[in-house]
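Hi there,

Here is the structure I promised to hand over. Have a look, and my notes follow below.

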Amino acid sequence: MDLYNALSLLLVLAAGFAYLNYRFLRMPPAIGLMVLGLGVSLALVGLAQLGVKPVLELARVVGSLDFSALVMQVMLGFLLFAGAIHVDTRRLGRLRWSVGTLALIGTPLSTALVGGAMYWLLPWLGLPTPLLYCLLFGALISPTDPVAVLSILTKANIEKDLEIKIVGESLFNDGVGVVLFVVLLEMAQPGSQAVTIGHALRIFAQEALGGVALGIALGLGAAWLLRSIDNYQVEVLITLALVAGGTALAHCLRTSVPLAMVVAGLLVGHFSRLDPVPSNASQDYVNKFWELVDEVLNAVLFVLVGLEALVLPITGQIIGAGVAAIAVVLVARLLSVWLPLVGLRRSGLFTPSQRSVPVLTWGGLRGGLSVALALSLPASAPRELLVGITYVIVVFSIIGQGLTIGPLVRWLGVGKEQ
């Protein structure tokens with residue numbers, strides 16, 4: 001019943017916050033829900049300090065949820081498939097060099113820059129941390145969160161090519177970040193032997209290449225089934241089975257769930273737009289179903305991120321470190337975007353607009369994925385410190401960057417109306 005009660009609480013709060021945001025705040029849904037969740041959490045923290053029993057029980061219910069497992073093993077696959085199925089694959093194909101370079105080169109570069117800077121910075125704040133754990137922090141905070149990007153950035157009225165570039169990067173760079181995180185975490189385990197390059201490549205092949213291969217198989221199989229029938233109830237069931245069964249299979253095969261679901265979603269969406277056999281009505285039902293799934297799960301996720309403030313041990317010193325880390329992460333993001341794009345420009349493969357770099361930098365939002373990875377750290381790590389810093393960055397990213405990306409787009413003149 002604890003799990004049922006916790007999920008019921010999240011749904012009730014998500015519905016209530018969505019209503020309040022729509023009627024009064026008028027913020028983008030993801031931002032409004034998180035602001036309300038964070039505000040309620042901070043108020044409840046004050047009541048908990050006074051020993052109010054209902055608040056203490058609520059904190060127990062929220063604390064009973066395994067945030068990391070809920071996001072990584074349950075929600076993420078559905079959210080990524082729902083986002084990927086609506087992506088314009090033809091436009092994404094034209095931008096493959098920039099998207100691939102930002103994911104495969106930019107993410108490791110950002111990991112190294114953030115890790116090195118935090119290793120130097122934290123001792124100045126009285127929080128000395130081993131280099132390996134600083135690099136772990138870099139790996140979990142460097143990938144832009146596809147859920148946050150899809151739910152916020154696509155509503156910023158941004159130029160279509162630039163939107164596809166940022167969304168495409170966010171869909172793929174989390175796979176690279178998770179592989180880096182897994183390798184570094186294995187190196188950080190007490191008593192672990194040195195991880196060789198060969199071992200790291202095997203992990204990459206199993207996680208990343210295995211995830212892509214599984215996604216291709218699932219996507220092509222589901223697309224063939226969908227093109228052979230014209231019944232929206234069966235089509236919805238097939239896509240649901242793809243995500244639920246594909247997620248379970250990816251866990252069994254120890255491959256990347258995010259990459260598998262992104263590739264499967266891209267293929268299903270692509271083939272559904274190529275003169276499909278099913279009627280437009282059936283295709284419309286499937287699209288609207290996944291739009292609804294996306295909105296509901298996004299609402300629950302961002303309310304949950306806001307409520308995490310109720311149970312996370314965040315002190316004033318950690319908040320100070322988090323504020324300093326915001327600047328570090330933004331500078332690392334700028335360099336990890338600018339340097340790869342300069343390389344592409346010189347090679348002649350891609351000619352980026354000068355105005356795209358600031359939008360790519362500021363639009364690199366962090367969200368629940370980073371918090372989930374931080375919460376998966378073992379007790380042997382400086383877990384409370386890294387979780388607290390991660391949470392501060394995520395709150396700033398979703399609220400601060402999310403609310404200002406629209407004005408930045410208009411100021412730079414890269415909106416759709418141009």
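How many cavities of 30 Å³ or more are there? The count comes to three. A cavity here is a set of points on a 1 Å grid over the protein atoms alone where a 1.4 Å probe fits but cannot get out.

A word on the source: this is a predicted model, in which local features need pLDDT of at least 70 and side-chain atom pairs count only at pLDDT 80 or more, while totals for chains, interfaces and linings use all residues. Residues are numbered from 1 along each chain as its sequence is written, and side-chain values use heavy atoms, with hydrogens and water left out.

The second largest cavity holds about 40 Å³ of space, a volume being the space filled by probe spheres set on the points. Helices are DSSP runs (H or I, at least four residues), numbered from the N terminus.

There is also a helix pair to look at. The axes of α2 (residues 29–49) and α13 (residues 280–307), lines fitted to C-alpha atoms over the stretch in contact, come within 7 Å and cross at roughly 30°. That makes α2 roughly parallel to α13 (angles under 35 degrees). Where they touch (heavy atoms within 4.5 Å), the residues include Leu 33 and Gly 37 of α2 and Phe 302 and Val 303 of α13.

Happy exploring!

Note on methods: Axes fitted to C-alpha atoms, helices over the stretch in contact; angles between N-to-C directions. Helix = DSSP H or I, 4+ residues; strand = E, 2+ residues; numbered from the N terminus. Parallel < 35°, antiparallel > 145°, perpendicular 65-115°, else oblique. 1 Å grid on protein atoms, 1.4 Å probe; cavity = no way out; pocket = protein on both sides within 12 Å on 5 of 7 lines; lining within 4 Å.
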